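Dear colleague,

I am handing over the structure shown below for your review. My findings on one helix pair and on several charged pairs follow it.

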Amino acid sequence: MSTEPPATCPGCGIALPHRDGPVHAYLGASPECWALYGEVLAREYSAQTEHPRHHLTVDAYAVQHPGVPERRAMQSVCIHLMRLCLLLERDADPPAAARMMARILERRPALRWLEPPLPNGTVTVADIAAATDTESHRLAVERWSADLWQAWAAHHATVRQWLAETRA
């Protein structure tokens with residue numbers, strides 16, 4: 001048994017048993033949280049049928065782990081917030097949202113760093129990992145993404161403006 005204290009993720013704040021490992025280049029996640037996210041993604045990718053809300057998993061994790069104010073982190077958070085808006089508010093289907101995101105990236109709107117909310121949501125990747133079947137996983141992902149979209153409510157007008165500027 002490890003004598004090291006649990007590691008707290010700088011993005012979502014969850015405390016997980018210490019684990020050495022890689023981290024993402026610009027997302028602000030602990031090695032422990034990043035590994036748990038990898039396990040969740042592996043579960044989604046190994047499903048017999050494609051997880052219909054997989055994009056929500058990716059978007060939720062990215063906006064909950066925004067990193068620090070630098071170009072890649074800023075672009076990531078902005079793009080993932082725009083896709084959350086498209087999927088949750090405009091009920092875009094994932095392929096249509098993917099096409100819209102490609103169009104947005106081509107048009108290069110004037111994005112800027114958005115100060116992350118505190119707390120940055122109340123649902124974490126640990127809640128998704130705890131799901132025991134496909135339906136509870138789907139519901140947990142939907143709850144997670146909606147929780148994070150609400151957490152970023154102070155920036156909704158900006159996100160909607162970026163979408164309007166790119167006619168998405």
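Helix 2 passes helix 6 in a left-handed crossing, the term for a near helix turned anticlockwise from the far one by less than a right angle (clockwise would be right-handed). Please note that this is a predicted model, in which local features need pLDDT of at least 70 and side-chain atom pairs count only at pLDDT 80 or more, while totals for chains, interfaces and linings use all residues. Residues are numbered from 1 along each chain as its sequence is written, and side-chain values use heavy atoms, with hydrogens and water left out.

**The helix pair**

Helix 2 covers residues 54-64 and helix 6 covers residues 134-151; they pack at an angle of about 40 degrees, with their axes 9 Å apart. Helix 2 is therefore oblique to helix 6, since angles under 35 degrees count as roughly parallel, over 145 as roughly antiparallel, 65 to 115 as roughly perpendicular and the rest as oblique. Axes here are lines fitted to C-alpha atoms, for helices over the stretch in contact, and angles run from 0 to 180 degrees between N-to-C directions. Helices (H or I, at least four residues) and strands (E, at least two) are DSSP runs numbered from the N terminus.

On the helix 2 side, L56, T57, A60, Y61, V63 and Q64 meet V141, E142, W144, S145 and L148 of helix 6; contact means heavy atoms within 4.5 Å. By class, this contact has seven nonpolar, three polar and one charged residues.

**Salt bridges**

A salt bridge is a side-chain nitrogen of Lys or Arg within 4 Å of a carboxyl oxygen of Asp or Glu. By this rule, the count is six.

One of them joins E39 to R19, with the closest N and O atoms 3.2 Å apart. This pair links distant parts of the chain: E39 is in helix 1 (residues 31-46), and R19 is in the loop between strand 2 (15-16) and helix 1, 20 residues apart. E39 counts as partly exposed because its relative accessibility is 40%; buried means under 20% relative accessible area, exposed over 50%, and partly exposed in between (1.4 Å probe, protein chains only).

R138 and E142 are separated by about one helical turn because they are four residues apart.

Yours sincerely

Technical notes:
Nonpolar A, V, L, I, M, F, W, Y, C, P; charged D, E, K, R; others polar.
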